[in-house]
Amino acid sequence: MKSDIHPDYHEIKVIMTDGTEFTTRSCYGKPGDTIRLDIDPKSHPAWTGQQRVMDTGGQIAKFNKKFAGIGARQKKA
């Protein structure tokens, strides 16, 4: 294998949505960095089987504002 072509593989800390944390190895960031998850197996509907609306950063409101007029028919005078 060629030397110096592989990314640095080191330990990082992952913090789940409920506050639990664990250590894993990754190429992300620098050794000792932390990742905070917005969605994880404890909160994602694919694993929980429950649907819930997660509006991060007002994305649903932004969508509704952008497409509010579509589908509304105007009466001809």
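Helices here are DSSP runs of H or I with at least four residues, numbered from the N terminus. With that convention, I shall present this structure, which is a predicted model.

I begin with the strands. E1, residues 10-15, pairs with E2, residues 21-26, in the antiparallel sense, and six bridges connect the two. Within this pairing, glutamate 11 faces arginine 25 of E2. Five residues separate the strands of the E1 and E2 hairpin, and there glycine 19 adopts a positive phi near 100°.

E1 has a further partner. Strand E3, residues 34-36, runs parallel to E1, and three bridges join them. Here lysine 13 is the residue that stands opposite threonine 34 in E3.

Let me turn to the segment before E1, which contains aspartate 4. Most residues other than glycine have a negative phi. Aspartate 4, although not a glycine, shows a positive phi of about 65°. Is aspartate 4 buried or exposed? Its relative accessible area is 79%, so aspartate 4 counts as exposed, the cut-off being over 50%.

Finally, I come to helix H2, residues 59-66, and the segment after it, where phenylalanine 67 is found. Phenylalanine 67 is classed as partly exposed because its relative accessibility is 35%, a value to be read against the limits of under 20% for buried and over 50% for exposed. Which residues form a nonpolar patch on the surface? They are Phe63, Phe67 and Ile70, and together they present about 330 Å² of accessible area.

Definitions and conventions:
Residues numbered from 1 in each chain as written. Predicted model: local features only at pLDDT ≥ 70, side-chain atom pairs only at ≥ 80, totals over all residues. Heavy atoms only, no water. Buried < 20%, exposed > 50% of the residue type's maximum accessible area, 1.4 Å probe, protein only. Pairing = 2+ DSSP bridges. Patch = residues over 30% accessible without salt bridge, like charges linked within 9 Å, V, L, I, M, F, W, Y side chains within 5 Å. Areas by Shrake-Rupley, 256 points an atom, 1.4 Å probe, with all protein chains shown as cover. Salt bridge = Lys/Arg side-chain N within 4 Å of Asp/Glu carboxyl O.
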